[in-house]
Amino acid sequence: MANNGTPLIELAGLTKSYGEGAAQIMALNGVDLRVEEGDFVAIMGPSGSGKSTVMNILGCLDTPTGGAYLFRGVHVERLTSRQRTLLRRYFLGFVFQGFNLLARTSAIENVELPLLYRGVPKAERHQAASAALAQVGLTGWEKHTPAELSGGQQQRVAIARALVTDPQILLADEPTGNLDSRRGREIMDLLVSLNKDRGLTILMVTHDHDMAGYAHRVIRFVDGVVERDDANGRAL
Amino acid sequence: MLLKSILLALQSIKRNVMRSFLTMLGIVIGVAAVITMVTLGNGATKAISNQIASLGSNLLMVMPRMEFRPGSSSTAQPFENRDVEAIREQIGSLKAVAPMVESSATVVYGANNWSTSATGTTNDYFTASNWTFAAGRPFSEAEIQSGKAVCVIGETIRKELFAGKDPIGASLRVKGFGAEVIGLLKSKGQGGMGRDQDDMIVMPLRTVQRRIAGNQKINMMMLSVKDGVLSDDVVNQIKLLLRERRHVGAGEEDDFEVMDTKEIAQTLSGTTKTLTGLLGAVAAVSLLVGGIGIMNIMLVSVTERTREIGIRLAVGALENEVLLQFMVEAITLACVGGLVGIAMATGTAMILAHAMAVPYVFNPGINILSFFFSAAIGILFGYMPARRAAKLNPIVALRHE
């Protein structure tokens with residue numbers, strides 16, 4: 001975990017294109033970015049600026065077309081699909097705008113899911129999931145299915161699912177996008193405290209300036225490149 | 001990894017009770033329909049072959065030719081005692097030659113009466129048509145020669161007239177004369193075409209000829225061919241002999257018919273085989289429809305399942321783990337559905353076989369075949385969409401609408 005000079009994440013000239021020939025669309029046009037451990041970064045930008053694309057690539061849910069993505073100095077773009085999955089399993093936590101919980105499955109079972117794929121024994125799994133739910137303030141809601149929970153609660157379950165594996169970085173793609181502003185602020189408070197208390201590195205995509213205000217650093221994307229990268233309440 | 005996948009598969013089945021139930025329903029109905037129909041078809045075939053066996057094996061029936069014309073029908077001249085003697089003497093390889101005269105008769109015992117058929121024949125009749133005695137004895141030579149008023153009765157007559165009493169030695173009134181009951185035949189039950197074979201009395205040939213029919217005619221002969229002899233050859237010999245005796249000119253058609261029970265048996269079992277095949281085909285369609293049902297449910301749930309696969313991949317499931325889970329899920333549903341189908345088919349077939357009075361014949365082949373066919377459909381359509389989804393980038397699977 002020690003930071004020995006290598007940044008947690010480093011992107012160099014990262015590109016992503018869809019389609020071919022004349023119909024080719026460049027979603028990312030050479031992105032350079034470094035994220036140090038313990039940072040809380042907000043990525044902003046208009047629709048189609050490539051901010052979600054970069055998130056998906058960082059989360060190993062998508063693959064870049066060109067350039068380099070280093071995770072703790074490892075070239076992720078050179079990994080096989082299986083290795084990327086394992087990277088996801090052991091190091092990354094992902095929170096989506098649309099929650100993406102398993103339907104008809106209780107909160108605790110949703111949270112246990114990543115541990116199940118890690119092969120954690122049942123009792124330990126259960127304990128860890130309960131602790132993660134407690135951390136997001138959902139003690140007493142363990143047996144409820146997503147349909148029985150509010151949007152804010154569902155996002156908390158999703159955050160608990162991302163936290164339960166004790167990831168190196170939490171990637172959140174518009175985590176407050178489907179929530180009203182009060183629930184959104186509650187989620188942001190939760191992320192801030194996770195960053196402050198546990199030193200969890202957080203990378204968050206958002207549309208909302210208020211939400212971005214919670215981060216230490218705001219990066220602005222335009223047309224698939226980083227347009228501005230400033231410190232927010234912290235010296236660069 | 002396998003254990004993990006089994007656990008996940010069972011969880012998934014439990015959480016999606018309705019979907020699991022509908023998927024299984026398709027398999028259950030398909031399997032049950034095929035097995036039930038084929039089992040009943042087999043039962044019907046068995047019933048018919050049982051009836052044929054009860055007729056007696058290698059049996060030839062010889063009777064005058066009947067002609068049907070619009071408005072009238074005529075029967076060629078019947079046989080005479082001399083014809084029977086000629087066949088007995090000149091045709092080898094016959095085990096029994098029984099002349100027969102059949103006439104309807106009302107029989108009376110005490111206050112009970114019953115309308116039945118009286119057959120006049122010889123002891124050869126019992127041999128040829130496989131009758132065994134439950135009590136009493138066949139006719140004596142003297143009784144046959146003198147045409148004595150004695151009779152052997154079928155089980156139905158005993159039931160209708162004697163209810164509980166011992167019929168042997170009793171005197172039965174047949175068409176106004178008294179006949180002593182000397183024997184009781186063992187029940188054969190229903191014959192072909194639903195006729196009750198036990199509903200008849202048997203008397204010496206002369207007794208029926210003189211006292212009931214009032215002539216010397218013989219309506220029919222029942223011949224039993226010795227085992228291991230080709231009945232076709234015997235039929236040809238009989239035809240030659242009878243043509244000569246009955247003065248049928250060359251080029252003219254036979255004025256009599258020789259029927260071989262083996263042919264009847266072949267025709268009947270051929271018919272039932274066709275019937276079983278037809279039932280099987282109908283059932284196969286229902287299995288196919290069941291299969292399409294499974295396919296439908298699987299395809300309808302593919303959107304939800306694709307997203308589910310996306311979620312699983314996103315939280316760190318390997319492609320193989322997801323696939324194995326879906327495979328186990330599909331196999332479990334297909335196998336449980338198949339077994340329930342087999343159980344249902346066994347129950348239904350037993351009840352229906354009883355209701356239709358055909359024997360229940362367990363056919364392991366069709367059980368295995370339909371089980372594996374439905375399992376294959378279930379696995380194929382459960383697995384294929386999952387395979388496609390698991391190959392996607394997780395983010396594409398997550399966005400699937």
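1. In this predicted model, A:Glu109, A:Leu113, A:Leu116 and A:Tyr117 of helix 3 of chain A contact B:Lys4, B:Leu7, B:Leu8, B:Gln11 and B:Arg15 of helix 1 of chain B. Contact means heavy atoms within 4.5 Å; helices are DSSP runs (H or I, at least four residues) numbered from the N terminus. The contact residues divide into five nonpolar, one polar and three charged. Here Ala, Val, Leu, Ile, Met, Phe, Trp, Tyr, Cys and Pro count as nonpolar, Asp, Glu, Lys and Arg as charged, and the others, Gly among them, as polar.

2. The axes of helix 3 (residues 107-118) of chain A and helix 1 (residues 2-15) of chain B come within 11 Å and cross at roughly 160°. Axes are lines fitted to C-alpha atoms over the stretch in contact, with angles from 0 to 180 degrees between N-to-C directions. The two helices are therefore roughly antiparallel (angles over 145 degrees).

3. In helix 1 (residues 51-58) of chain A, seven of the eight residues are buried, meaning under 20% relative accessible area (1.4 Å probe, protein chains only). Among them are A:Val54, A:Met55 and A:Ile57. Just after this helix, A:Cys60 has a positive phi of about 60°.

4. B:Gln197 lies in the loop between strand 9 (177-185) and strand 10 (200-204) of chain B; strands are DSSP runs of E, at least two residues. B:Gln197 counts as buried because its relative accessibility is 9%.

5. Residues are numbered from 1 along each chain, and chains are lettered from A in the order in which they are written. Local features need pLDDT of at least 70, and side-chain atom pairs count only at pLDDT 80 or more, while side-chain values use heavy atoms, without hydrogens and water.

How values were computed:
Buried means under 20% relative accessible area, exposed over 50%, partly exposed in between (1.4 Å probe, protein chains only). Angles under 35 degrees count as roughly parallel, over 145 as roughly antiparallel, 65 to 115 as roughly perpendicular and the rest as oblique.
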